[in-house]
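I opened this notebook to keep track of what I looked up, going from the whole chain down to a single side chain.

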Amino acid sequence: MQAKYRLGVMYFRGMRGTPDQRGIPGDRRKAMKWFLEAAGDGDADAQKMLGDIYSGRESSDTGPDYELAAKWYREAAGNGNADAGECLRTLQREGKILL
């Protein structure tokens with residue numbers, strides 16, 4: 001599972017190459033494909049990253065979708081990602097979602 005998540009991170013952030021190699025430019029579409037696959041496999045890190053993307057904590061090509069962010073934070077928290085639970089509580093405290 002982690003391989004799909006890590007591939008998503010590489011595409012999301014891009015990857016600089018060494019001086020004699022070209023890097024990999026960021027590609028958000030490919031990143032989302034890999035994050036969604038990993039998240040569907042139960043990868044809590046990928047689920048949290050999707051929550052971060054949809055909440056606006058990570059930059060995205062669209063505006064925030066707090067309900068979708070909350071869905072992914074809940075999944076991630078249920079799969080053991082403690083940070084996702086705190087992110088979910090923050091969305092609630094800020095009045096962006098109802099629990």
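**Whole chain**

I began with the contacts (heavy atoms within 4.5 Å), and found that residues 24 or more positions apart account for 45% of those in the chain with a separation of 6 or more. I noted that this is a predicted model, in which local features need pLDDT of at least 70 and side-chain atom pairs count only at pLDDT 80 or more, while totals for chains, interfaces and linings use all residues. Residues are numbered from 1 along each chain as its sequence is written, and side-chain values use heavy atoms, with hydrogens and water left out.

For secondary structure I took DSSP runs numbered from the N terminus, with helices being H or I of at least four residues and strands E of at least two, and this gave five helices and zero strands. The C-alpha atoms fill a box of roughly 50 × 25 × 20 Å along the principal axes. Of the 99 residues in the chain, 34% are buried, where buried means under 20% relative accessible area and exposed over 50%, with a 1.4 Å probe and protein chains only.

**Helix 2**

I then looked at helix 2, which has 13 residues and reaches 18 Å from its first C-alpha to its last, close to the 18 Å expected at 1.5 Å a residue; the expected span is 1.5 Å times one less than the number of residues. Its buried residues are A31, M32, F35, A38 and A39. They lie on the same side of helix 2 because they cover an arc of only 130° around the axis, the arc being that of the directions from the helix axis to the C-beta atoms. R29 and G40, on the other side, are exposed. The buried residues pack against helix 1 (2-13), helix 3 and helix 4 (66-78).

At the N-terminal end, D27 caps helix 2 with a side-chain oxygen 3.2 Å from the backbone nitrogen of R29. After helix 2 comes G42, whose phi is positive, near 95°.

**D43**

Which side chain of opposite charge is nearest to D43? I found that it is R6, 7.6 Å away, and that D43 is buried yet has no salt bridge, meaning a side-chain nitrogen of Lys or Arg within 4 Å of a carboxyl oxygen of Asp or Glu. D43 sits in the loop between helix 2 (28-40) and helix 3 (44-55). Its side chain makes a polar contact of 3.1 Å with the side chain of Q2, that is, a pair of N or O atoms within 3.5 Å, one able to donate a hydrogen and the other to accept it. The side chain of D43 also reaches the backbone nitrogen of D45 at 2.9 Å.

Notes
Lys, Arg positive; Asp, Glu negative; His and termini not counted.
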